[in-house]
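Please look over the sequence and the three-dimensional picture below before reading on.

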Amino acid sequence: MTAADPVLAAKINPPKTRKGKKILESREPLLVENEKSTMLLKGAKTSGIINDVLTDLYKIRRQNAVMLTKNNAFLPFEDSQPLCDMLKKKESSMFVFGSHNKKRPHNLVFGRTYDGQILDMYEFGVSAFKKLCQFKPTKVPLGAKPCLIFNGDIFERDETWGHIQNFFCDFFCTTKTSSINLQGLEYVISISAAEQGVLLLRSYEVNMKKSGSDAPHVELVEIGVSLDLKLRRSTIEHERRRHALKVPRAAKIGKTKNISHDMAGTKLAKVHMTKQDINEMPQSKMKGSKRASGEEKKKKSKKSKSEEKVEEAESMDTS
C-alpha cells in the first residue's frame with residue numbers, strides 16, 4: 001500500500017473540513033461501479049488523421065468522455081505515471097492516446113487503469129480511416145447504445161486478442177443491460193480480426209423494413225466510424241487484472257435455502273413450522289358471530305323475570 005492510497009491517506013491526514021471528508025469518501029471503492037469514463041488526449045505531435053479519429057471517437061462517447069486539446073510530451077509505454085495522474089484528476093478509467101512520429105506514424109494507444117495504475121494497453125497503427133462527415137446523415141443519435149459483433153476465431157484462440165475484445169466491450173458499452181428490445185436496436189458496431197494482426201472497425205445503422213413474413217427485412221447501412229487498425233504492441237498486468245476481477249463478499253449473491261423455481265419461472269418456497277394447536281392459537285372474536293354460553297343465558301333469563309316482577313308491582317301501585 002502506497003502513500004497515495006486514499007484509505008491510508010485518511011489515516012495519516014484525517015480530513016479537517018466537511019468538504020475534504022466528502023472528497024475522500026468519493027474516492028473509496030464501490031460495490032456497484034459508476035459508468036466508466038474515457039479520456040482522449042494527444043501526444044507531443046499528432047497528424048490530421050489522428051486528430052480526426054480522436055474527434056469522431058469523442059462524438060461516439062460524448063456522454064461519458066473527456067476531450068483534452070493540449071499536447072502532452074510523454075509516451076504511455078515509456079512513462080505511464082503522468083497519464084495515471086491525469087486520469088485520476090479527471091476521474092476516468094479508460095483513455096485513448098494519439099501521437100505521430102517517424103517510427104510510429106498515426107499511432108493510437110487504447111488502455112484502462114485499475115486502482116490508479118495501468119491495467120492494460122494496446123497500441124495500434126491507423127492504416128485507413130473514414131470520417132463521420134463522409135457518410136450520409138443518419139437517424140441514429142450520437143451516444144446511442146450499440147450492439148457489438150466480433151468476427152474471427154482469433155478472439156477465442158489468442159489470449160491477447162481476447163483481452164482486446166474485453167476492452168472494446170468496456171469502451172463502447174459502459175452500462176450493462178439485462179434485456180434487449182429488438183424494435184429499439186438501431187446501431188451495430190462490427191469488429192473483425194483480419195490476417196496479420198489487422199482489426200477492422202465498422203459502424204452500421206439498422207433499418208427494419210416490411211417483409212412477407214412475421215420477421216422484418218433487416219438492412220445494414222454503414223454510417224461510420226470506419227477504422228482499419230494494425231496491432232503493434234500491447235502490455236497486460238496479469239496480477240493487477242486478477243485483483244480487478246475479484247468479487248467482494250458483500251457483492252456476492254449467495255444461495256437462499258428452501259427456494260426453487262419451476263420450469264415456468266415461478267418462485268417456490270418451503271416454510272418449516274412447528275406443530276400448532278388450534279385451540280391455543282389467539283383468535284379474533286367478532287360481535288356478530290359471538291354466541292352466548294349457558295351461564296349467560298341463565299343470567300339473562302333471571303334479569304328478564306325480575307324486570308317483569310318490577311313492572312307488575314308498579315302497575316298495582318298505580319291502580
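Which residues does Phe172 touch, not counting residues up to four places away in sequence? Phe172 is in contact, meaning heavy atoms within 4.5 Å, with Ile60, Pro146, Leu148, Ile189, Ile191 and Leu201.

**How to read the model**

This is a predicted model, in which local features need a pLDDT of at least 70 and side-chain atom pairs count only at pLDDT 80 or more, while totals for chains, interfaces and linings use all residues. Residues are numbered from 1 along each chain as its sequence is written, and side-chain values use heavy atoms, with hydrogens and water left out. The score called pLDDT is the predictor's confidence in each residue, from 0 to 100; the chain averages 83, and 84% of the residues score at least 70. Confidence is lowest in helix 1 (residues 6–12), at a mean of 52, and highest in strand 3, at 96. Where pLDDT is low, the predicted coordinates should not be read in detail. The helices (H or I, at least four residues) and strands (E, at least two) are DSSP runs, numbered from the N terminus.

**The nonpolar cores**

A nonpolar core is a set of buried Ala, Val, Leu, Ile, Met, Phe, Trp, Tyr and Cys residues joined through side-chain atoms within 4.5 Å. Buried here means under 20% relative accessible area, exposed means over 50%, and partly exposed lies in between (1.4 Å probe, protein chains only). The largest core has 36 residues, and Leu108 and Phe172 have the most contacts inside it. At least two residues of this core come from each of several elements, including helix 3 (48–60), strand 4 (107–114), strand 8 (198–209) and strand 10 (226–236). Its largest share, six residues, is supplied by helix 6. Apart from this core lies another, of 12 residues, among them Met39, Leu83, Phe95 and Met121.

**Aromatic rings**

A pair of aromatic rings is described by the distance of the centres and the angle of the planes. Rings of Phe, Tyr and Trp (its six-membered ring) pair if their centres lie within 6.5 Å, and planes under 30 degrees apart count as stacked, over 60 as edge-to-face and the rest as tilted. By this rule there are 12 aromatic pairs. In one of them, the rings of Tyr122 and Phe167 have centres 6.0 Å apart and planes at 55°, so the pair is tilted. Because Tyr122 lies in strand 5 (residues 117–130) and Phe167 in helix 6, this pair ties together parts that are 45 residues apart in sequence. Tyr122 is buried, at 0% relative accessible area, and Phe167 is buried as well, at 1%. Both rings belong to one aromatic cluster, which also includes Phe110, Phe124 and Phe172.

A charge sits over a ring if NZ of Lys or CZ of Arg is within 6 Å of the ring centre and within 35 degrees of the ring normal. Arg61 lies in this way over the face of Phe171, at 5.2 Å from the ring centre, and Arg233 lies over the face of Phe77, at 4.3 Å.

**Salt bridges**

A salt bridge is a side-chain nitrogen of Lys or Arg within 4 Å of a carboxyl oxygen of Asp or Glu, and a search of the whole structure finds 11 of them. Three are listed here.

| Pair | N to O distance |
|---|---|
| Asp170 and Lys36 | 2.8 Å |
| Arg202 and Glu222 | 4.0 Å |
| Glu219 and Lys209 | 3.2 Å |

Asp170 lies in helix 6 and Lys36 in the loop between helix 2 (18–26) and strand 1 (38–42), so their bridge ties together parts that are 134 residues apart in sequence. Asp170 counts as buried, at 17% relative accessibility, whereas Lys36 is partly exposed, at 23%.

**Loop residues**

Most residues other than glycine have a negative phi, and most peptide bonds are trans. His106, in the loop between strand 3 and strand 4, has a positive phi near 50°. Gln196 lies in the loop between strand 7 and strand 8, has a positive phi of about 60°, and is exposed, with a relative accessible area of 69%. Glu186 lies in the loop between helix 6 (159–172) and strand 7 (187–193) and is partly exposed, at 38%.
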